[in-house]
Structure formats: structure tokens, C-alpha cells
Amino acid sequence: MRRMSAFQIQMMYFMCTWLEKKGQLFFACMEVVIQASKIKEKARVVAMDMRGHGKSTSENDLDLSIETMCNDVLAVLKAMYGDSLPAIVLVGHSMGGSVAVHVAAKKALPSLAGLVVVDVVEGTAMASLIHMQKILSSRMQHFPSIEKAIEWSVRGGSLRNIESARVSVPTTLKYDDSKKCYTYRARLEETEQYWRGWYEGLSDKFLSSPVPKLLLLAGTDRLDRSLTIGQMQGKFQMVVVRHTGHAIQEDVPDEFATLILNFISRNRIGPHGVEIPGLLRPSQKKP
């Protein structure tokens with residue numbers, strides 16, 4: 001298994017364990033979240049690298065098949081908690097949202113207590129795949145400095161919050177000694193064979209998960225037919241986060257953190273909601 005990353009703010013996954021003696025909560029988020037400090041008031045944050053995206057290396061960093069990425073998540077959970085998993089809420093943004101949904105669909109986490117997907121919808125994602133190589137090739141590939149990469153990310157519109165960009169952008173880059181510049185760590189253009197697998201059947205898998213679900217979107221136009229029907233039937237909670245781009249968690253980190261904490265509280269996940277084996281409630285503690 002790959003080593004754990006030392007990053008605790010910029011992360012491809014973050015995992016939170018409830019700190020209060022009242023109970024525990026394990027919270028795994030696949031993608032970047034900046035406002036970890038707000039969540040850390042209630043939780044401990046531990047970060048791991050997504051395969052091919054961070055400083056950790058694997059036997060094949062270009063194997064971004066959905067099966068492999070799901071197995072990576074389960075392997076880390078196994079290494080951290082063995083067979084004594086606390087209550088788990090999976091949270092994922094974009095491709096990470098697909099990983100979260102597929103991990104949930106495996107039914108390999110008996111303590112799964114919630115699922116949050118951030119701005120990824122099967123219909124929109126599948127329709128966008130034919131343009132993805134063009135998008136990847138048209139973006140700036142080389143940066144003379146990290147500051148220039150941050151500036152390009154904000155001016156180009158992919159991020160709207162300069163403060164979050166200063167946290168998230170540097171860790172997506174690596175220095176190329178031969179070219180004397182910074183380039184992207186993730187070689188997404190070489191993983192096209194896996195793209196359809198990330199999103200095919202995603203809506204049905206999301207809707208069929210029996211746990212509480214939250215879908216955060218930057219606009220209602222992103223809903224596909226299955227999700228529109230499911231939302232009308234009350235199968236999940238949906239929040240449209242206004243005045244943001246695709247990277248909701250970076251554009252409005254405080255609001256994002258509040259939405260996550262409210263979801264946990266609303267569904268009584270953790271100390272007062274989900275019974276966790278081996279953990280005594282205050283009323284059960286010996287005098």
C-alpha cells in the first residue's frame with residue numbers, strides 16, 4: 001500500500017475522526033477542501049494522496065480505473081482502522097465524487113453513514129468527455145513559478161478564490177529539472193481509457209445507496225433526468241451553491257464546511273446518531 005501523505009489542508013482525500021469523547025466519526029473526502037480548520041473544530045483531519053495525483057507513488061500511477069481507485073480507498077481504511085471502522089461519511093468532488101459513489105456501491109463499508117457528492121452528475125460528465133482531451137491540451141502546461149500557476153488558475157476561471165488557490169495549486173505541480181519549470185503531477189491525458197468508467201451508471205448508483213445523501217451543485221442545469229426524478233421523490237438532499245464554479249469547496253470554503261457539518265448534524269451521524277461498536281455512551285460509562 002502507498003505511504004500516507006503529510007498534507008493536511010490541501011488533499012485528495014481527507015479523513016476526519018470525531019474528537020469528542022462522546023463519539024467518533026470517520027469522514028473521507030476525495031478532492032480538495034481548504035476550510036479544514038472549521039471541520040477540525042469537531043474532527044481530526046488526515047490526508048492521503050489520490051493515485052497519480054500526489055507525492056506518493058504506486059506500482060502504476062496511470063491506473064486510474066474506478067476499481068483501482070476504490071480499492072485504494074478501502075486499503076487505506078483497512079490500514080487505519082482494521083475491522084473496527086467508525087461511522088463513515090464519504091465525500092467526493094468531481095472525479096472524486098465518482099470514487100465516493102462507487103466505494104459506497106461496493107457495500108464494503110458496514111459503518112457507512114452518509115454520502116456527499118460535489119458538482120458531478122453522470123449526464124453532464126458523460127457529455128463532456130468528448131471535449132476532455134481538447135480541454136487538457138489547451139490549458140497552460142508549463143509554469144515558470146508557482147505564483148504564475150496560481151495566477152493562471154484564477155484568471156482562467158477554474159478557481160475564483162485566490163486564497164484557496166494559494167493552498168491547492170502548489171501541490172498539483174512538480175518541478176521538471178529538464179525543462180526548468182513546473183508541470184502538472186497528474187497525467188490525465190494518458191488515462192482516457194478509464195474516463196467512461198468513472199461516470200457510467202453513476203446516477204443510479206448514487207440513488208440506490210441506502211444512506212443519507214447530499215448533492216452539492218454549482219447550478220441546477222447540471223441535473224440529469226434520473227437525479228431530477230430522484231430529487232423530486234426526496235431520495236437525497238440537494239443544495240445549489242450560488243456564485244461558485246466547479247470547485248465549490250475552494251470558491252466558498254466556509255460555506256462548504258458549514259454544509260458538510262450541517263449534513264452530519266442533520267442526519268445525526270456520529271456521537272448522537274450512529275452507534276459505534278466498542279464506544280461507550282456517556283450514560284454507559286462506569287462511575
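I take contact to mean heavy atoms within 4.5 Å.

**Ground rules.** This is a predicted model, where local features need pLDDT of at least 70, side-chain atom pairs count only at pLDDT 80 or more, and totals for chains, interfaces and linings use all residues. Residues are numbered from 1 along each chain as its sequence is written, and side-chain values use heavy atoms, with hydrogens and water left out.

**Confidence.** I looked up pLDDT, the predictor's confidence in each residue, from 0 to 100. The chain average is 80, and 77% of the residues score at least 70. Over residues 1–23 the pLDDT falls below 50, yet this stretch has 110 contacts in the model beyond near neighbours in sequence. Residues 272–287 also stay under 50. For that stretch the model has 22 contacts beyond four places in sequence.

**Overall build.** I counted helices (H or I, at least four residues) and strands (E, at least two) as DSSP runs, numbered from the N terminus. The chain has 11 helices and nine strands. I called a residue buried under 20% relative accessible area, exposed over 50%, and partly exposed in between (1.4 Å probe, protein chains only). Of the 287 residues, 52% count as buried. Among contacts with a separation of 6 or more, 70% join residues 24 or more positions apart.

**Annotated site.** Which residues does UniProt list for "active site"? The unreviewed entry gives Ser94, Asp119 and His246. UniProt positions are given in the numbering used here, feature names are shortened, and annotations may be inferred rather than shown by experiment. The three are spread over 153 residues of sequence but cluster in space, with a largest C-alpha distance of 8.1 Å.

I then checked Asp119. It lies in the loop between β5 (112–118) and α4 (122–138). Asp119 counts as buried because its relative accessibility is 5%. Beyond four places in sequence, Asp119 touches Ser94 and His246, and also Leu216, Leu217, Ala218, Arg222 and Ile248.

**Helix α3.** This helix spans residues 95–105 and is mostly covered, with 10 of its 11 residues buried. Among the buried ones are Met95, Gly96, Val101 and His102. Just after α3, Lys107 takes a positive phi of about 55 degrees.

**Phe143.** I found Phe143 in the loop between α4 and α5 (146–155). Is it buried or exposed? Phe143 is buried, since its relative accessibility is 1%. Leaving aside neighbours within four places, Phe143 contacts Lys148, Ala149, Trp152, Leu173, Cys181, Tyr182 and Tyr184. Thr183 is 40 residues away along the chain, and its C-alpha is 6.6 Å from that of Phe143.

**Ser164.** Ser164 sits in helix α6 (residues 162–168). With a relative accessible area of 1%, Ser164 is buried. Ser164 and Pro253 are 89 residues apart in sequence, but their C-alpha atoms are 7.9 Å apart.

**Cavities.** On a 1 Å grid over the protein atoms alone, I took a cavity as a set of points where a 1.4 Å probe fits but cannot get out; lining residues have an atom within 4 Å of a point. Grid points are joined across faces, edges and corners, and a volume is the space filled by probe spheres set on the points. The structure holds four cavities of 30 Å³ or more.

Methods: On a 1 Å grid over the protein atoms alone, a cavity is a set of points where a 1.4 Å probe fits but cannot get out, and a pocket is an open set with protein on both sides within 12 Å along at least five of seven lines; lining residues have an atom within 4 Å of a point.
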